Amino acid sequence: MLGRLHVLFAVAAVAVVCIPTPAEDPGALPFVRKNCATCHNSALASGNVDFGALQGAKTFEENRGVWERVLSKLKTGAMPPPGLHKPPAPEIEAVTRGLEAEFARQDRAIQPDAGLVTARRLNRTEYNHTVRDLLGVDLRPADDFPQDASAYGFDNISDALRLSPALLEKYMDAAERSVRRALFGPELIKPSMTHYPSPVRLPKLPKSLMEYDLTGLSAQSSSHAVHRFPVDAEYSFRVVLNGHRPNQSMPLRIAFWIDAKRLDQTFDVEGSDLEGQIEEWRARVTAGEHLLSVSYLNEYHGLPAKYNGPEPADPSKLPSLGSARGKLSEQDIELLRKYGTKVKTDRIEVRVDNRTESIDVGGPFQQATGPSAESLRRIFVCGHAPGHHTAACARPIVAKFVERAFRRPVRREEIDSFLSFYTLARKQGDSFEEGIATALEAVLVSPNFLFRIEQNRSAVAGRTSVPVGDYELASRLSYFLWSTMPDDELLRLAGEHRLSQPAVLAAQVTRMLRDARSNALVENFGGQWLQFQNIDVVKPDLERFTDFDEYLRRSMRRETELFFQNIVRQDRSVLEFLDADYTFLNERLARFYGVGGVTGAEFRRVDMSKTERGGGLLAQASILTLSSYTTRTSPVLRGRWILENLLNDPPPPPPPGVPILDEAKVGQSGSLRQQMEDHRKNPACAVCHNKLDPLGFGLENFNAIGAWRNEDGKFPVDTGGVLPSGRAFRGPVELKAILLKEGRDAFTREISEKLLIYALGRGLERYDRPALAAIEASLPSHNYRFSQLVLEIVNSLPFQMRSAHEGTLTSAKAGALSQ
């Protein structure tokens, strides 16, 4: 650590001895009084800003937040708003340069400080992952805990992670369940049945036989349900059918899928009336959440009597296409794909109203018993098999477990305190394994496990921060990138006092980002920053959006996760979040997007450069759906999402008394855009909507669940817009190109700020500005690579140091734990 910390201390020392220059007016006060006081005065105070109340050069420091907003709006052209006098460009440029210089002067005068982070409780995700890696059981006990509170957009913020009596009781239960599952295996669960009714959806014909989905998973007749399986076991799946099909048609073939993988067994159903018919499958399923699907493999049949395509190389194959009735085979599809023949849908006979009434899940049956070999390996470090331990095994088992659970070396007296639980259990006649279980359960309710506690150290005279220890750095790193405890390699390097060496630390960051465990960064940081985790709970109106189902919902989320994963693990530029020429699709999502050439349930990288929707986050259905209402799109919600999550410029809340949009008129008396433009004529609305609406209008080609459209009701979609900077665009591709060019600095600031907050577990303060500025400034010269962003954060003063004034636990947390 010495090399890096010498630099950090040198920076801090220079800041301490530096004598700040006095504040000077950068010319902004006379500028705003001349050009902005019409709206920002004591009478109107638009945006809660009265420039008449800001006096003297000190205002630029005392009211920096206001002046930062001024600078942002001048640089983007948002102020003065359209229709008002715009000052000459040289005047605007002079003021912006002056404000930037003043803020730089202020930041140079800031004494670097690591900031205050109280002892951080493991949140629900971190608890689940830590128990998994500690015991080798993926039980997810924290799913039963109360929901974690969020702050600054994330649920890992120390000050928001409070303790409650209810949570303390949950800790006791979770410790017992987790340890006993690891040592003795799962408890036997009495079989039960769970019922999932299927929504009723009308059949929808494909545009041509070329688009026939051989899996049936994309068809309206398919049904999907998400079920959490408690243990590894065999389960039954009963499907109740409904609907009708043509007389004298061929048997209807039904398939069952788990996580888009088809079970080998299929069933052929005879007869025209399907109502009440039941088919049942049995299969072994691993514990956890799985997507269950039912589909019809031969939905359409009755092919055209005449083949009108090019002469095939093998005429013997023609009879399968020439039959007047019969199922559409895979051979038929391959012929049609090979020769490019388009077949009109009115020449296909469709099975009418094929669907499932419900999916019932029964079990568990023949469930797995006994502990896993991996769990026993992690706990019984003495190497003996269960039943062959000696009394001498207890101490090394408990000692190693305590060390791993506390994520640091432990003192002999700490080991003795937990070993006493084992000794007491043995005196009471319990087995060796039961005694070990009692000791391990006690470890899992210790504050040293439940909290990431860092040791207090005294600072050098004149300094407010001290470096964190090697083991503490290992924990900061692992919970930042993996949301779990440090692995053996991190702990080994910490024990050798090498982890803090710059080259070693950089190598570990690279290793960790390439590891599959970095998916936790995607799910936890990405899911909260971009809010795509909310796709799990959105409920589009199924009468308006009949394409939407659980399979599509999960496909939407998976696309965004894989896109984020690719940027992280392949070390791509973070600017690809704004615009990219690729995405990840399976057949279901590709059909929904209108992208051809993608077959099967597996996701794969797909070139989007030639498509009308393009790539990047703003073309992904997860983002477009969560930024819409249940019944329609919302340019305001989408514009707000872009400003808040991509451009680091969240708009203020709407003023009170603003009239809402008349929903009854949308798509009837005018397009949504026309309604919004009428709404924007209200001066109270125009200030914010001039910035919000153009961003949202650029995405109006996407409906409320992200499908492409050219009409809004009976009216053509107008996706043109003009940004406050004066740049005009039409459609999502041009909008993304402008954001990539003009918004990259704002986006760089946004992702740097959000990732630093997530890494530190606290909000940012004024003394963090130099560190944040250094992180942002490093990205352009490294092609904006994700690894550079992470490495700069990991090397920053607030990540590698801590305030010398921090306590180990807040009094409220310590009091709760002592009860």
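**Conventions**

I take helices (H or I, at least four residues) and strands (E, at least two) as DSSP runs, numbered from the N terminus. I keep in mind that this is a predicted model, in which local features need pLDDT of at least 70 and side-chain atom pairs count only at pLDDT 80 or more, while totals for chains, interfaces and linings use all residues. Residues are numbered from 1 along each chain as its sequence is written, and side-chain values use heavy atoms, with hydrogens and water left out.

**Residues with positive phi**

I looked up Gln 531, which sits in the loop between helix H18 (519-529) and helix H19 (550-569). Its phi is near 70°, a positive value in a residue other than glycine. I call a residue buried under 20% relative accessible area, exposed over 50%, and partly exposed in between (1.4 Å probe, protein chains only). By that rule Gln 531, at 24% relative accessibility, counts as partly exposed.

I then turned to Asp 259, placed in the loop between strand S5 (252-258) and strand S6 (261-262). Asp 259 is not a glycine either, yet has a positive phi of about 55°, and with a relative accessible area of 32% this residue is partly exposed. I noted both because most residues other than glycine have a negative phi, and most peptide bonds are trans.

**Overall counts**

For the whole protein I find 30 helices and 21 strands. Of its 819 residues, 53% count as buried. The protein exposes about 36400 Å², of which carbon and sulfur atoms supply 52%; these areas come from the Shrake-Rupley method with a 1.4 Å probe, and for residues only the protein chains shown count as cover. Taking contact to mean heavy atoms within 4.5 Å, I read that 74% of the contacts between residues at least 6 apart in sequence join residues at least 24 apart.

**The sheet around S12**

I count two strands as paired if DSSP finds at least two bridges between them. On that basis 4 strands form an open sheet in the order S2-S12-S4-S8, with antiparallel pairing. Strand S2 (192-197) and strand S8 (278-285) stand at the edges with a single partner strand each, so one side of each is left without a neighbour in the sheet. The twist averages 20° from one strand to the next.

Within this sheet I followed S12 (residues 355-365), which is joined to S4 (residues 233-242) by 8 bridges. Ser 236 has Gly 362 in S12 as its bridge partner, and Phe 237 has Val 361. On the S2 side, S12 pairs in the antiparallel sense over 6 bridges, with Pro 197 opposite Ser 358. S12 is mostly covered, since 9 of its 11 residues are buried. A cis peptide bond with omega of about 10° joins Gly 363 and Pro 364, and Pro 364 is found in S12.

**Strand S9**

I next checked strand S9 (residues 288-296), where 8 of the 9 residues are buried, so that S9 is largely enclosed by the rest of the structure. Strand S3 (residues 223-229) runs antiparallel to S9 and is joined to it by 7 bridges, with Ser 223 opposite Val 294. S5 is also antiparallel to S9, through 5 bridges, and there Ile 254 stands opposite Tyr 296.

**Nonpolar cores**

I define a nonpolar core as a set of buried Ala, Val, Leu, Ile, Met, Phe, Trp, Tyr and Cys residues joined through side-chain atoms within 4.5 Å. The largest has 99 residues, among which Phe 480, Phe 564, Phe 577 and Phe 786 touch the most other members. Helix H26 (residues 744-760) gives the most to this core, with 9 residues. Not counting residues up to four places away in sequence, Phe 577 touches residues including Trp 529, Phe 563, Leu 617, Phe 747 and Ile 751. A second, separate core of 49 residues includes Leu 135, Tyr 171, Ile 379 and Leu 444.

Last, I looked at helix H16 (residues 488-495) and helix H17 (residues 502-514), which pack at an angle of about 175° with their axes 12 Å apart. The axes are lines fitted to C-alpha atoms, for helices over the stretch in contact, and angles run from 0 to 180 degrees between N-to-C directions. Since angles over 145 degrees count as roughly antiparallel, H16 and H17 are roughly antiparallel to each other. Glu 489, Leu 490 and Leu 493 in H16 meet Val 504, Gln 508, Arg 511 and Met 512 in H17.

Methods. Parallel < 35°, antiparallel > 145°, perpendicular 65-115°, else oblique.
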